[in-house]
Amino acid sequence: MTGGCTRRKDHSLVIPLLGARERTVATVGLSGHGKTVFLASLFWDSFFALSESFHHERDPFTVRAVSPRADDVFYGHAQRLHELGVPPANPRTRPDPAVLEFSGVPCAEKRWWRTRGTVRLAFYDIAGEVFASDALTREYAPYLAQADDIVFLFDPTQPDFSALTAARLVDRVHRVGRTGRANIQIVLAKMDELREQDEWAEMVNEFWPDNPPFPELLPEYFLQMEALSRTLRLWWLDPKRNAQALIANLPKETRFCAVSSLGHRPQPDATGRMMLTQPPKPFRVRDPLFWIFRAAGVM
Amino acid sequence: MPSLSLSQHLFSSVTQGLFKERGRGFQTVACTPELRDTADLTALEEASFFAVSPERRQGGDLPVKELFYRLPSGRFAVGRMDDARIDSLGRDGNYCAHQLVVSAEHLEAIGWQPFALLDAAPWCGVADDLTPRLLEPCSLSSATVADPASASAASSMKLDQQLLGRVAAALSEADGRTVLIVGNEARTRSVIRALFAVLPSRERREITFCTHFFEGNPYRSLFKVASVATRGEAPAAGDTDAYRVVDHERVGTPPALPYGIWIEDALKGGRWIEVSAVHGILDRFRQGQPVPEADFPPPAPAWAAALQYCEPDAFARALLGRPLLLAGVLDHLPKREALAERLLRQYAPPELCGPDGTIAVTALRAAAKPKHWMGWLKRHREEPLLGPYLEELEPAWKKLAANLPWPRRS
């Protein structure tokens, strides 16, 4: 672990005064890199882990599906995870927004601890193959132009992952969506597999297994997120990954995260269908959500 | 009937598709070379969409989606999509879409029956070869493509006549909207199929359809008729204004126009001969062909109103010189003044009523407004056929003059 969680002036704790309370979140990634599972896991974590750790008698933390699409995507997929299945592949179509409302969100800043915020996030999840060309991206993902937050998800265990494909995807989304004002997050998935294999991912072991933060520990949690983000940026900047150009092109405020949506690798059953061997144990899937909460000014 | 040679398109989620730069995922797996780099290929890819609700997937109720729509080139696509179980990553939700491209000429050759193609074509499925490749056109011999294109054929189908009537009426009054049928999709499919047997040629040629429209709202413009299994699978409430909804289980908006009123009633009542006859007449009207008097069904108010509504000029011309038919129609038509006015304004007595058309003249006199009748009498006062009625002219004129609001002399 290189980042350390030392107490020093942390700009990530400054709450934007004019943050929007309704935000559009686009998840972007190549086919099979785990966008849908990430969103399912994010909901799972909020519904189970955060609602417990953020519990407050007067103003409890809740997450609820506001749009019909959210009901399908989030509750439907959570149900599948509960039954140890994995969410189905997204068909290639223009998705409706799946809107979640988070309320009772605690604030990380000590002087605002008494206040709890509410935010609505419209998530767009789409089949990854639409990001294969500008024309398809423009056709199927017009919401990119309105996105407040863009979460790029990369699975380094996939054979098509490389700095080049990642940079190409980021450039394409920026070019097609003109996403100059959006908050960018670069998220690495499958930490459950990588932490054992990759020397750089050893840092993840410091935080493994995952523990949901309590409101009073949020400042410390944000420091961890900051530290992880810095370390991951350094990972991308490692010359052997050839990702200098990608990182140089990203806005300075870009956040980096490392997550494991399920906590373990699903195994094929007798029919070849991937199944979980135990209930999901997500690892830090809330980090991208917390960065969005920060940008929205509710955490 | 010629044999058919149809371009093909195959779409699924694969590790590598026909176009290598696209990587993994849903994409074109194979197609006929002539489709490459065409707008039709883009449209075929876009329409290759298949989704199943979580409830149905969990219950193992996986539908087959059949669709028929127009391509940018003016040709048509007829296709079949079904669940292909898991993709290369072991996830549910994979599907296989196989579509054929058919020209209007080919459709004419098979009586404009896309369901005949859906029945006859060797559709690909999950068990078939999904290696990326160029495909030969699909050859179908004419003998394999059946042609059940008539209302009498529809009568032999096991049909929900009530639903067929409601759908046909809704389609005639959809006003550019897609008719969304809510209810059992297999039952709906048989109704859509019957539409191709019962409707007139022009209306039949305008039908495009999708038999499983779950999450299909973005593709609405492709289809005139679409089917969903439940209200829950229908587009969200905000989008339903774009549809004319026909629910199997609920009474909807009744038809308001003469054709819709007639077709709903006739199909509900199973009056196949009348439907066939009236639509045959409409077809010939539109092709400018004559219709023998014997081909008209016995006068009835509803079909006459429907013909007058759909093709007023041709219908009026078809009545010329046929006093019995003219009198019968005028006696039964609910709003007969319009037809009488049209006839009296345009035609002279011999042409309109024939040489011995007293019965027709009597019917016209009863149907027309007095000013139109008397105007016609005045214009044609030399005609012997009108002789018995000329005596009425003067008193009637005087009465009319007396009632005019010009100033009287004291």
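**Close-up 1. Contact of helices α1 and α2 of chain A in the predicted model.** From α1(A), the residues Thr36(A), Leu39(A), Ala40(A), Phe43(A), Trp44(A) and Phe47(A) take part. On the side of α2(A), they meet Val73(A), Phe74(A), His77(A), Ala78(A) and Leu81(A). By class, the residues of this contact are nine nonpolar and two polar, with no charged residue. Helix α1 covers residues 35-53 and helix α2 covers residues 68-82 of chain A. Their axes are 9 Å apart and the packing angle is about 85°. Angles of 65 to 115 degrees count as roughly perpendicular, so α1(A) is roughly perpendicular to α2(A). An α-helix has 3.6 residues a turn, so residues three or four places apart point the same way.

Close-up 2. Helix α7 of chain A runs over residues 218-237, which is 20 residues.

**Close-up 3. Leu84(A), a residue other than glycine with a positive phi.** Leu84(A) lies in the loop between α2 and β3 of chain A. Its phi is near 65°. Is Leu84(A) buried, partly exposed or exposed? Leu84(A) has 14 C-beta neighbours inside 10 Å, so it counts as partly exposed.

**Close-up 4. Arg284(A), a residue other than glycine with a positive phi.** The phi of Arg284(A) is near 55°. Arg284(A) is in the loop between β9 (274-275) and α9 of chain A. Arg284(A) counts as buried because it has 25 C-beta neighbours inside 10 Å, and the cut-off for a buried residue is 20 or more.

**Close-up 5. The side of chain B that touches chain A.** Here 23 residues of chain B are in contact with 22 residues of chain A. Which element of chain B gives the most to this side? Strand β2 (residues 25-31) of chain B does, with three residues. The side of chain B that touches chain A has nine nonpolar, seven polar and seven charged residues.

Note on methods:
Residues numbered from 1 in each chain as written. Chains lettered and ligands numbered in written order. Predicted model: local features only at pLDDT ≥ 70, side-chain atom pairs only at ≥ 80, totals over all residues. Contact = placed C-beta atoms within 7 Å. Helix = DSSP H or I, 4+ residues; strand = E, 2+ residues; numbered from the N terminus. Nonpolar A, V, L, I, M, F, W, Y, C, P; charged D, E, K, R; others polar. Expected span 1.5 Å × (residues − 1). Axes fitted to C-alpha atoms, helices over the stretch in contact; angles between N-to-C directions. Parallel < 35°, antiparallel > 145°, perpendicular 65-115°, else oblique. Buried ≥ 20, exposed ≤ 12 C-beta atoms within 10 Å, placed from the backbone.
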